[in-house]
Amino acid sequence: MGHGAEHTATVTLPAGEDVAAVRLDVPDAELWWPRGYGDQPLYDVDVTLAGPVAPLDTWSARTGFRTVRLDMTPDDDGTSFVLVVNERPVWVKGANWIPDDAFVHRVDRARYARRVAQAEPAGINLLRVWGGGIYESDDLYDLCDARGILTWQDFAFACAAYAEEEPLRAEVEAEARDNVARLAPHPSLVLWNGSNENVWGFHDWGWEPVLDGRTWGLGYYTELLPRVVAEVDGTRPYTPSSPWSGSLDVHPNDVAHGSMHSWEVWNRLDWTHYRDDVPRFMAEFGWQGPPTWATLTRSVSDDPLTPESPGMQVHQKAMEGNKKLSQGLAAHLRVPDDTEDWHWAMSWNQATAVRVAVEHLRSWGPRCMGSVVWQPNDCWPVTSWAAVDGDERPKPLLSALGQAHADRLVTIQPRGTGRAGLAAVLVNDTDEPWTGDVVVQRLDLAGTELAKAREQVHVEPRGTLTVTLPDDVTAVGDAAAELVHATVDGVRGLWFFAEPRDSALEAPALETAVATTDGGYRVTVRAGNLVRDLTLLADKVHPDARVDRQMVTLLPGESADLTVHVPDGVALEAGALTAGRVLRSLNQLVAGAR
């Protein structure tokens, strides 16, 4: 074994026996931790099956030492759903992984590594390998082991009824045993889950009369699969399905019990309704947006290219997807006629919807202990819920996730007893206390201070603190032209009283400078007025150009440096990076629609 002294153990298998347990004590082992909680030491493990003369077989792997349990304890708010690693509760900042390509053989270790590299700056600490996909290659779990990204593995049952009789039953057990044995050495793997939405589907989707008494998979989820997990693994928690309330006697998607999936928002409700529910753990939710412009124009050749042109419709597989996009935008922005404006508006709305959801969920910790967004990646170049599109390009949503997942977060939420009912919620997902002054201001769009309050705060490690805002700060005079600004040690949260479409945002007044750097360019942007969600769409200039952050809001007089990376040998025209169709902001969509 690596990391210090070598430890060995041996067991003899008596004649006629085919199962033996080898107990190996490693007293000096260092603990493996999720990212943000500690290091990820890994150890080499070698197993030899010795015969009378020569070895019969060998097996080698790397593993880590850690404990994990799932806390589903009844309490005053319902039933918790908390992943506890090394006896420390982890606030899950997760994402639901799907196969990274429709042709799964094209996904190699390098491609997995690129996805994991994109997940890290987005603050993701867990990937749920969704049951409608595949059991992924060991490469993905190896990379998650090394980087401290937890994995949650669904068995391959999703959104359907499955017969429990032969010949399928034996195939199910064989597949389960093979994958449990294969994946069990990975310390990143912390939860086995029997199925995706199948218990919920039987309960609510009209299956029962059609099944007419036939089996539908429940025995797999409550008997066969947990038995295999206990026999072959024996170290990890198991749930029969997701969502899961903890009992077949409680509705599987009950907001107060266990894990929840939220699809009323997006399918039927605007994203402001994410704040209606305080789940114990949100295991699925999401909002659609188009792929990046470079991906869209590579994969769709419509002329003219419009949101409803034939190729665009082929690349939209959600039921009434474009209708939901338009209805989900109209409450916030006028739906643009120009295709490039439509593309930016829908990209902005996707990023904003998910950021609002994640900040809401985090603001309710520890009552809520997890958020697993649908979805980090995509398997083809399509309008979808993904943060990284099918050509591997990050959408604005990826930056928004990074902001919402920040270790220290200031978020303003509609809560409290003031006239406007607002609170600043401080979330400290670090091991150190967060002490300082929260400074709250009501500003107009010119940056003029209209009201101010200051309060000393102390947020415990891994803690949440809610500060109700005073009436003079929330007593808005002109909703279209005022906002609340709260800061602690430079960490900022903003609240706008009006929807963008009803606001007084003006066209962006930007001063820009572009400098060459090692590996690309530095774009410095100074705002002469308030500029919301400044986003440099670098792929419009070159399909392989990447910017380090998007969705950046600047108050009047503030500036930001945006770093654009390009491949070796690629030179960009400096002016192209600051053109109006590339350097986008919410202001353009508001002022331009008047």
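User: Before we get going, what does "buried" mean here?

Analyst: Buried means under 20% relative accessible area. Keep in mind that this is a predicted model.

User: Which residues of H6 are buried?

Analyst: In H6 the buried ones are Gly-219, Tyr-220, Tyr-221, Leu-224, Leu-225, Val-228 and Val-229. They pack against helix H3 (168–183), strand S11 (189–193), helix H4 (198–204) and strand S12 (238–239).

User: How do you know that the span of H6 agrees with what a helix should give?

Analyst: Helix H6 covers residues 218–232, which is 15 residues, and at 1.5 Å a residue it should span 21 Å. Its end C-alpha atoms are 21 Å apart, so the two values agree.

User: Where does H6 bend, and what follows the bend?

Analyst: The bend is at Leu-224 and comes to about 30 degrees, with a proline, Pro-226, following within four residues. Leu-224 is also one of the buried residues of H6. Just after H6, Gly-234 has a positive phi of about 80 degrees.

User: Moving on to H10 and H11: what makes H10 roughly perpendicular to H11?

Analyst: Helix H10 (residues 321–330) and helix H11 (residues 339–363) have axes that come within 10 Å and cross at roughly 75 degrees. Therefore H10 counts as roughly perpendicular to H11, since the range for that label is 65 to 115 degrees.

User: Which residues meet there, and how do they divide into nonpolar, polar and charged?

Analyst: From H10 you get Leu-325, Ser-326, Gly-328 and Leu-329, and they meet Trp-342, Ala-345, Met-346 and Asn-349 of H11. The residues of this contact divide into five nonpolar, three polar and no charged.

User: Why is His-360 called buried?

Analyst: Its relative accessibility is 2%, so His-360 counts as buried, the cut-off being under 20%. His-360 sits in helix H11. Setting aside neighbours within four places in sequence, His-360 is in contact with Tyr-274, Arg-275, Asp-277, Val-278 and Gln-413.

User: And Leu-572, which lies in a loop: why does that residue count as buried?

Analyst: Leu-572 comes out at 11% relative accessibility, so the label is buried, again with under 20% as the cut-off. The loop in question runs between strand S28 (559–565) and strand S29 (583–584).

User: What is Leu-572 in contact with?

Analyst: Leaving out neighbours within four places in sequence, Leu-572 is in contact with Tyr-521, Val-541, His-542, Val-566 and Leu-577. As for Ala-545, which is 27 residues from Leu-572 along the chain, the C-alpha atoms of the two are separated by 9.3 Å.

Methods:
Residues numbered from 1 in each chain as written. Predicted model: local features only at pLDDT ≥ 70, side-chain atom pairs only at ≥ 80, totals over all residues. Heavy atoms only, no water. Helix = DSSP H or I, 4+ residues; strand = E, 2+ residues; numbered from the N terminus. Expected span 1.5 Å × (residues − 1). Bend = angle between axes of the 7 residues up to and from the residue. Buried < 20%, exposed > 50% of the residue type's maximum accessible area, 1.4 Å probe, protein only. Contact = heavy atoms within 4.5 Å. Axes fitted to C-alpha atoms, helices over the stretch in contact; angles between N-to-C directions. Parallel < 35°, antiparallel > 145°, perpendicular 65-115°, else oblique. Nonpolar A, V, L, I, M, F, W, Y, C, P; charged D, E, K, R; others polar.
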